[in-house]
Amino acid sequence: MTGPFGHPLSVERLRKSFADRRTSVAAVNGVSFAVDEGQFYTLLGPSGCGKTTTLRCVAGLEQPDAGTVTIAGRVVVADSPRVFVPPHKRGIGMVFQSYAIWPHMTVFENVAFPLRVTKSGLGRAALRARVEEAVATVQLSGYEDRNATQLSGGQQQRLALARALVGRPRLLLLDEPLSNLDAKLRDRMRNELRDLQRRLGITTLYVTHDQVEALSMSNRIAVMHQGEIVQESTPRDIYLRPTAKFVADFVGTSNFMDAEILGPAPLGGWSLSASVGVLRANAPDGVVAGERVIVSIRPENIRVHASDPGVPNTFSGRVEQVTFLGETIDCRLRVGGQLLLSRQHPSVRLRPDDPAWVELPVEQCAVITETHGLSAASYIDDATLATDSEREPRP
Amino acid sequence: MLLLALVPTTLIVALLVISLYLSLRTSVLDPALTLVNYVSLFGDPAAVDAALNTAVFSAIAVGVAMAFGVSVAWVVERTDLAGKSVIGALMTVGLIVPGLFTAMGWIFIGHPRIGALNTWARDAFGATDPVFAVTTVPGMAFVQGLTLAALVYVLVAANLRAMDTSLEESARMSGAGWFDVMRRVTLPLAWPGLLAAALYVLTIAVSAFDIPLVIGVSNRITLFSTYVYGKAFPVTGVPEYGISAAFGAFMIAFGILLGAIYTRMLGRARRYQVITGKGYGPRPVRLRRWAFLAWAFLGAYVLVAQGLPLLLVLFESFQPFTGPPTADSFRTLSTGNYGFIADQLGDPESTIRRSLQHTVVLILLAPALALALSLVISWVVLRTRARFRFALDFVAFLPHAVPPVIFALSASATALFILAPLGLYGSLALLVITLGLSQISFATRVTNSALIQISTELEEAAYVAGASTLAVLRRVLVPLLRPAVAFGFLWLALLAFRELTMASMLFSKDNITLSQETWALIRGGASTQAAALSIVQTAVLLPLVVVYLRYANARS
């Protein structure tokens, strides 16, 4: 869904290199994506993958080498004719990793700053009302006259958010805003931030290396690796149906098996010859018999049975090692020459050297064809996996 | 901003190039470039003499400075001596005391004929030879060393403070005794820092001006700086720039070499440092009954380096004529010199009145200029990805490596020959600009470290919030930098107040400063009036120093 001026944010073929001694390193290498109105869009990837550089190019804090950036229908970066709108004229809100709270100003002055410098034309009373509204939105009312440095980490984070929202921007940029908080607070702020974003319906571009943040908050996720987007999809798709080995590996933990496509299976999907034996799985469109692929399956999706359950994709194996982790137990299984990590509920009784029937449920096996790794969301739509609530933001 | 940063750095480089150019010219009229000056430099016995004197002078001065400075730093930073913060404050004051003042004090103490020490020895013990003759190269070097000890103290104390004490503690835990820890851990760790401090003061010692001028010139001892000064302001004949500039070329090369080694040493010293902000100081060495010895040492140093010169200058300022303090001289005490100064200050046309006005302008404008330019340079160096930013940082450091006397010589020649139509020669503006440029090397250290402490995101947040570059500067950067810049300003103003080298090299009646006027009085034989003027200056300076020390305490 797009607004009256097209996408609130679209980025096309963005490139940015940095000089490193005598060579040049491409931090962002041809990144394209579009964010719909009201969407929470996340760039997810390890450090150095180019996600922050992409965000900074959108903000105008970096000048890209090539590409086009359009914010709310207005071209802010373009190649020909060369356009570069400086950050202060882009009308965006941004929360920085360090929050960047100005220590020489009070809470009120920090929030009022965007209104003052943009010559918003608000009178004294109107300005105060706007600031108080923003402060109330993040539940900091009553702290207006505090010195900004007297706030706790969580409060500073809210203040940074209020400051980003006070100018009512069309686009909100968040650069790893939760990474400086301790674990408990991070969980709380994660929910708060998501609820606030959904309530205000503000289009948001979020950068993080934390898969839990990305999966729990986003409408859409673009996983980045070495300056490129390797998969772009809904959180559920990213997790359950990775199209690239990197995505399966980076997001959560995965078992990988080399396999070869044998042909269409009689009951739907495809038949594959893998190291554990012949198995059935759904594969992306366009695969052909004889193609070498990778089958990925999450540890928590592997089922272990004491006797043959008589379902497809079940293989006879042996328990090799059991590690008790409290909430779960990790169990290393051997099926033929293949080692598989499985995660089980602690109530499951497993001992090393126990024989085991290992079930790899058909719908949980993701087939990765590295050549298809770059095309996003190319699976046959599965109504149980991609629910509407993820695709369509609430109004 | 980029262009703005290029202005001062281009000027600094231009001044160096011009001094090199001067060394290749024999006269204003002859445009040919020649190496004649370099040849005559080696053929000039006075120049060779000055070079040798400078070498001996620098070696002794650095030795004395290190011996006192390091000992005091160790006592203050690493022992449990009570009341040592007073010493820290006194050492800081020692940095600002004008070299002219100390030199004058030491003439009163150690002059072979009229010095108090020598006349007392003569009267009391019938000594025929002077006990201590300050009018020798080692004598001057000793005095220079005492003043540089304060600087060594500041550099080494900072180094000792930042050293990772867990390295020493783990050595102790491994079973090493106090002495072994010192020999095997503390000293090897402190070594690069100590060497860096020695190199830093050596750079200053080789181009020292105040003490060689006041003590040396009247006694026909010439050092590098006073040689250049003598050539630029000859008693007879026309000023000669060529040979001085040739001498200067060697000193610049030497200074840059020292600067390069210094930077390496500093980098090595920093590797052993930790900035954790944790409150764990090193466990101080317990002095117990050695405490009195430490106090005796510190007391002796303060007395010799600051107390005695001050007392004698104070005493002489109440005398009509220079002479050692004797029973007779106590009967001739009078406030005549102070009356003279008061009269002069009341007369708008007097030199003292004008030199006061010039000094006020100088100490306000030169540091302001230096800091404003340094802010721009630091900003470009630290906040942009301009390709030449490291070159900028290096150029900003140059005025420290280049002898001030050469810097001023070049500025003077530039004003005289190249920018003649601007009428800068001999003007106060030229003095302000030259001193301001030379202060950039210190000022950029202040602005660099201040800017490093301000997270880039604070500025970026302001840009994204809709502030223009100017608004970011005005509303975010300047307010955040204000404390550090104010601190730097105060310090540079104090240094400008005591500055004599550039004031002498660029001297004219239109830009005479208080230190220059004091020197003029000494040279004219009115030493006691000069003493009184120095005391008045010190009295004016004192409140500023107190403000500075308060500031320094509040910041640490």
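Which strand of chain A does Asn255(A) lie in? Asn255(A) lies in strand S12, residues 255-264 of chain A. Strands and helices here are DSSP runs, numbered from the N terminus, with at least two residues (E) for a strand and at least four (H or I) for a helix.

## The model

This is a predicted model: local features need pLDDT of at least 70, side-chain atom pairs count only at pLDDT 80 or more, and totals for chains, interfaces and linings use all residues. Residues are numbered from 1 along each chain as its sequence is written, while chains are lettered from A and ligands numbered from 1 in the order in which they are written.

The predictor gives the complex an ipTM of 0.75. The pTM is 0.77.

## Around Asn255(A)

Asn255(A) is buried, because 21 other C-beta atoms lie within 10 Å. A residue is called buried if 20 or more other C-beta atoms lie within 10 Å of its own, exposed if 12 or fewer, and partly exposed in between, with C-beta atoms placed from the backbone.

Leaving out residues up to four places away in sequence, Asn255(A) touches Ser296(A), Ile297(A), Pro299(A), Leu340(A) and Leu341(A). Two residues are in contact if their C-beta atoms, placed from the backbone, lie within 7 Å. Asn255(A) and Glu363(A) are 108 residues apart in sequence. Their C-alpha atoms are 15 Å apart in space.

## Chain A as a whole

Chain A has 9 helices and 21 strands. Its C-alpha atoms fill a box of roughly 75 × 50 × 45 Å, taken along the principal axes. The chain has 395 residues, and 43% of them are buried.

Now take contacts in chain A between residues at least 6 apart in sequence. Of these, 68% join residues at least 24 apart.

## Backbone details in chain A

Most residues other than glycine have a negative phi, and most peptide bonds are trans.

A cis peptide bond joins Ser80(A) and Pro81(A), with omega about -5 degrees. Pro81(A) sits in the loop between strand S5 (74-78) and strand S6 (83-84) of chain A. Glu176(A), which is not glycine, has a positive phi near 40 degrees. The loop that holds Glu176(A) runs between strand S8 (171-175) and helix H5 (183-200) of chain A. Glu176(A) is buried, with 20 other C-beta atoms within 10 Å. Asn313(A) is not a glycine either, and its phi is positive, at about 60 degrees. Asn313(A) belongs to the loop between strand S16 (303-305) and strand S17 (314-324) of chain A. Asn313(A) is buried too, with 20 other C-beta atoms within 10 Å.

## Two helices of chain B

In chain B, the axes of helix H1 (residues 2-23) and helix H16 (residues 351-383) come within 9 Å. They cross at roughly 120 degrees. That makes H1(B) oblique to H16(B). Angles under 35 degrees count as roughly parallel, over 145 as roughly antiparallel, 65 to 115 as roughly perpendicular, and the rest as oblique. Axes are lines fitted to C-alpha atoms, for helices over the stretch in contact, and angles run from 0 to 180 degrees between N-to-C directions.

H1(B) contributes Leu2(B), Leu4(B), Ala5(B), Pro8(B) and Thr9(B) to the contact. H16(B) contributes Leu373(B), Val376(B), Ile377(B) and Val380(B). By class, this contact of H1(B) with H16(B) has 8 nonpolar, 1 polar and no charged residues. Ala, Val, Leu, Ile, Met, Phe, Trp, Tyr, Cys and Pro count as nonpolar, Asp, Glu, Lys and Arg as charged, and the others, Gly among them, as polar.

## Where the chains meet

In the interface, 15 residues of chain B are in contact with 17 residues of chain A. Helix H20 (456-464) and helix H21 (469-498) of chain B each supply at least two residues of the side of chain B that touches chain A. H20(B) gives the most to that side, with 6 residues. By class, the side of chain B that touches chain A has 10 nonpolar, 3 polar and 2 charged residues.

## Confidence

pLDDT is the predictor's confidence in each residue, from 0 to 100. Chain A averages 86, and 92% of its residues score at least 70. Over residues 372-395 of chain A, pLDDT stays under 50.

Chain B has a mean pLDDT of 85, and 96% of its residues reach 70 or more. Over residues 275-279 of chain B, pLDDT stays under 50. Where pLDDT is low, the predicted coordinates should not be read in detail.
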